[in-house]
Each structure stands twice: as structure tokens, then as C-alpha cells.
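These are my notebook entries on how the parts of one protein meet and on what surrounds its ligand. I begin with the division into domains and end at the ligand.

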Amino acid sequence: MKQHRFKLDLLFLIFVLTIAKIIFLYHYTIDNFETSLYLNSFLGVFVIYALANKLKGKKIKLLLRIYTIISVLLFLDLLYFDYFGFMPSVTDLMFIGQVGTVKRSVIRVLKPMYLVMLIDLIPLYYFIKFKKVKLKFNKEDSSLTVPICLIVIILMVMVLPSSENGTFVFNRYGVFSYHMYDFYDNTIGNFDKEVDKKITYQGYVNGIGKEGKYFGVAENRNIIVIQLESFQNFLINHYYRGQELTPNLNRILRKDSLYFDRFYQQVGTGNTSDCEFITSNSMHSLGRKSIFKEYPENSFYSLYNILDKKGYSTTILHGYESDFWNREEIYPSLGIDKFISLKNFEKKEMISFGLSDEVFFDQSVKYIKELKEPYYAKLITLTSHHPYVLPESEKELILADEHKETLFGDYLQTIHYTDKQLGKFIEGIKRKGLYENSLIIFYGDHAGLYPSNEENKKVLSEYFGYEYNYDEAMNIPLIYHIPGSNIKEKNSIVGGQIDYMPTLLNLLGIVEDKGILFGQDLNNSNNGFVANQYYIPEGSFIDDEKMFIMSEDGIFENSKAWDLKTRKPIDIHKCKEGYEKALEQIEASKYIITNNEIKNIIK
Ligand code: GP9
Ligand code: MN
């Protein structure tokens, strides 16, 4: 019997398959196709296989291994992009094992179609192992291969530093250039350190606290902060098919509350932890690097330090592992006195990857009661975390058929659940006498439903009747609730997470002249401005009239901007000034953090 059915040029085959997979990836991840994108990608594939073919040893095994690694990488890129809306960095890929905690999230975004990246490996290995195919190679061993490849690599590398960030590299030069750039940035190089020296913190120092409207209205009160996981603003005062989504928060708003309904997230890769950092330092995050993980030993001058000087004790409560996001390590540097984490709670009920909000809130009341007054106690909720899992018995909303089995439907259920637990918590602190003399703050940490996810985009656009975009997704609520104050106001100035701390200091009547202020006191400002990065490219911004989204390829002319009221496109040239201001603010902030400059500023 003839053993070999047909001849196969393995090198040619994996070359073609790799290119096909790359095009598949771009189809889902890139909007504007530049020539450089294809040129660089194809050259990248050529160089990898041409050099691999030069190596000595068992060539079939080697080539297959390289092809497998590339396939897995492309698969992970696609999966990660679907979840986060951008490409993973090398550190994300290294911590992919840790993603055990968010395993369900990964499974939730895994579309069978994405297995296209891996599926061909099975027949390929099978046919080769059982020698069903005879492999042939191009034996023409040109001595020019290596020099040509080296020249191509040098050219590919040379264009990279001119790009300001990884997203731009990916969109302009493709997947190989992106991973090279990102690897260099995260290992030997550090592009963040190369911030233009002219862009310093000048102009941002000594700005904290000015007397003004509502100055001191919450002076000396205990402060209870509820940082709500993935909580978007559209949920507030919203009825889904006649069902009130957040009745308890809505009740809070009816009395003694200052509500900012155009408040926006500014987090980077650090998500929840970035929100914690930004709100307690009035500084920007690092975008694609987590401050909590990378700079835990920095000197900070945070809200906690300022409160400490005023005699406050500061505590964080969170129903998850204390080392997650490196909280355990950075909290002392941030001046936080106490961290009550999962190990301090009775694990009566776990939902998704942490303590259920019900159990968390319930046991937190007891802990708060024990705190030294005046206190700042921040509770970080968890149940409304992606992928929005809830036991059937807790799902109270009646969903339309088209929303069952969608992220949107599951999201609404968990939000409604968290709001219910919040209601019980408020009753709990009232019973213990902790409510009246407190300032109670609520805010969302970041979006739950990003429009980068195709399902979200489609379902929410249909639900709202207009294109679901980042202006809606990144809008989170901010509420300062001051029982007995008779203050009731809805303020629609645009604000970002960097504005949380200056606004709070004014309410507490704290004038602080030492620190750095990137945000502003929203009760005493006329013009709102939110610089953004990461989920939308750096330099994007929102002001009181418009939203500007910098183009993913880094070319200003390809950017988008629209009027927030009419949703009609506006001339992007009107956004140049805001774009530059956003960049300057973010870069200045990065400069301070990456150079550990705070200690020099507050001297
Ligand atoms: C877990 C929680 C994770 O501690 O903070 O939230 P994330 O950053 O994934 O939104
Ligand atoms: Mn979060």
C-alpha cells in the first residue's frame, strides 16, 4: 500500500495559513486598513519562517512548533480583544494563568468561530504524525536569506519608536510589530520614561481645595464610600420594561444628594485598581500599565494621607483575595490604615469569583461600627463583575426574550441584585446609628458593557435606539449623599474620576496646599473636561459639548468627534486644542508616577 497520499510543501502551507489567520484577526480588530499594516504583517510572517527554515535540526517539528505558537498567540489576541477591546500586552499574556479568576469571563466571550485559529492544528499534527503526507521543503538554500531577513527586521523595528503607543503600532503595522514593540516596552525599554521633559507637572501643583460652594458641608463626618463594580450611569432612574433597575440608589437621590450624571471613567489596564488610584490621588493612571502592580513602592501623597492629617482613620473593605491587584502591597504606600479582605469575612456565599455582595455588605456593617472615628471606609463591591453570573433564585428581573442569554440581560440582573443589597446595607447602617452623621458616596468604577464587544454594540444600540458608543459606556454615576443637609442637586458638568478627590475635599472643608491636583472641584467649576486613554486611544476627551475619539492608528485626521446632544459628527479640527490638553495632562501625570516625583513635589 502506498503510504504517502499526496505531497505537501509544509513551509508554503503554514505560510498561507498564518496569513489567513492574521487577516481573520484584523477583520475583527481593525477598522482602517493601511498598506503598512499588510506589508509589515506579510513581511513578518516571511521573516519568521524563512529564518526558521534556516535552522538545523528536525525541521518539521520546529516549523510546526513555531506555527503552533503563532496560532495560540493569535487566538489569545482575538479572545483578549473581544473582552477588553484592545490587544494584550506581554504582561497580560504572562498572567494568563492568573486569569483563572476570570475564567468564566473568558468562556463567556469565547465564540466557537475563534477556534478557527487552532482547529487546523489537529489534522496537521495527525497527518504528519501518521505520515499521511510527504513533506517537501524548498531546498534552494540562498545565502541571501539571512541578510535580507535582517534588513527587513531592522526596517520594521526602525518605524516603531515614532509611534506613541501600542494601539497605534497595531493598527498601523500589525500584530508582529505590535508584540515586538510591546515586548520591548515592557522589558528592556520603557517608553513611558521618555516623556518629553518639557511636559512636567508645572501648572498642576498646589491646587487642592479652594473655598466655594458647598465648602465644608460634610466637615468631620464619617465617610462611607461604595465603589460599585462595573456600574454605568444609564442604570440610574432607569426602568427596564417597567421594572425599576436601581430603586435603592434612586431613593438616595431623592433627598440630601449631589448627583453628577455626566461623570466618566478614566481607568487603564488596572481597571478597578486604577479607579481606586485615580479617585484617591487626582492623577491619571498609566494606561497600559498597572500602577498597583508596577509602582507599589512609590511615595504618594494621597487622599488617605490628607485625611490622616485631619484625624481620620482609613479602611478598605473588599470581598476578594488581598493580593489581587497587589492591593496588600500598595495600600500602605497609599497611606491606607486597614484592609479588610476576603480572609476577614465569613465565606457564607460566593458568587462568581468573590464574596456575594449580600454577605459582603452584611458583614461590613459590623466592621464599620468598630472603626475609629472619624473614618473613611471604602467598600468595593464585586458581584456585578463580568460575566455577570447570579444564582437563578436571585434573578428578579423579567427579561425580554431577545435579552435572555445576553451580557446585557445578565448585567441588568446583577446590577439590580447589587442595588437590592445596597438597600439592605443602608438599612443596616441606619439601625446601627451610622447613617445620620455620615457622608455616603457612590460611584461606578468603570463600564460593564463596552461597545468594542459586538454583541453589546448591537443589543444596546437597538435598546437605546441610537449607536451605543463610549460616551454612554464610560459614563458612570457619582453621588455624594449627605443626610440631613437638605442639599439636592443634579449637576451635569462633565467630570472624570480625577475630579472625585478635589470635589470631596471641598465638601469636607479641607484646604490642602501641598499636593498635586489634576482634577477640579466639580461644585466650583464651570467647564468640565475629561482626558482619556486606554479603552479609547490616549488624547481622546470629553468636554461639556462633545466627545473626541482619537483614531486607533494615531493619525489625527482619521479621528472621530460628535456633539453629545445631537449625536451629529463635528469637525475634528475643533478638537485639536482639547486633544493636546488631554495628552499633556496624561503625560504629566505619567511623568510624576514613573519618576517617583511626588516626594520632591510635596517637600
Ligand atoms: C477584584 C476586582 C476585580 O478584586 O477588583 O475587578 P476588575 O479590575 O477586574 O474590574
Ligand atoms: Mn472593576
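Before looking at the division I noted that the domain bounds come from an automatic or database domain assignment. I also noted that this is a predicted model.

Entry on the domains. I looked up the division and found domain 1 at 6–191 and domain 2 at 212–520. The C-alpha centres of domain 1 and domain 2 are 39 Å apart, and the contact draws on 20 residues from domain 1 and 22 residues from domain 2. For the area that domain 1 and domain 2 bury between them I wrote down about 1,700 Å², with 44% of it on carbon and sulfur atoms.

Entry on the pairs across the interface. I counted two salt bridges between domain 1 and domain 2, and I separately looked up the salt bridge that joins the side chains of aspartate 185 and lysine 289, where the N to O distance is 3.9 Å. For polar contacts across the interface of domain 1 and domain 2, the rule gives one residue pair, both at pLDDT 80 or more. On the side of domain 1 that touches domain 2, the elements giving two or more residues are helix H3 (59–84), helix H5 (103–109) and helix H9 (166–186), and the residues of that side are eight nonpolar, seven polar and five charged.

Entry on the ligand. Among the residues that surround ligand 1 I listed Glu229, Asn271, Tyr320, Trp325, Arg327 and His385. I then looked up side-chain distances to an oxygen atom of ligand 1, and noted 2.6 Å for threonine 272, 2.6 Å for histidine 318 and 2.9 Å for histidine 446.

Methods: Residues numbered from 1 in each chain as written. Chains lettered and ligands numbered in written order. Predicted model: local features only at pLDDT ≥ 70, side-chain atom pairs only at ≥ 80, totals over all residues. Heavy atoms only, no water. Contact = heavy atoms within 4.5 Å. Buried area = accessible area lost by both parts, 1.4 Å probe. Salt bridge = Lys/Arg side-chain N within 4 Å of Asp/Glu carboxyl O. Polar contact = N/O pair within 3.5 Å; in protein donor to acceptor, adjacent residues only side chain to side chain. Helix = DSSP H or I, 4+ residues; strand = E, 2+ residues; numbered from the N terminus. Nonpolar A, V, L, I, M, F, W, Y, C, P; charged D, E, K, R; others polar. Near = heavy atom within 4 Å.
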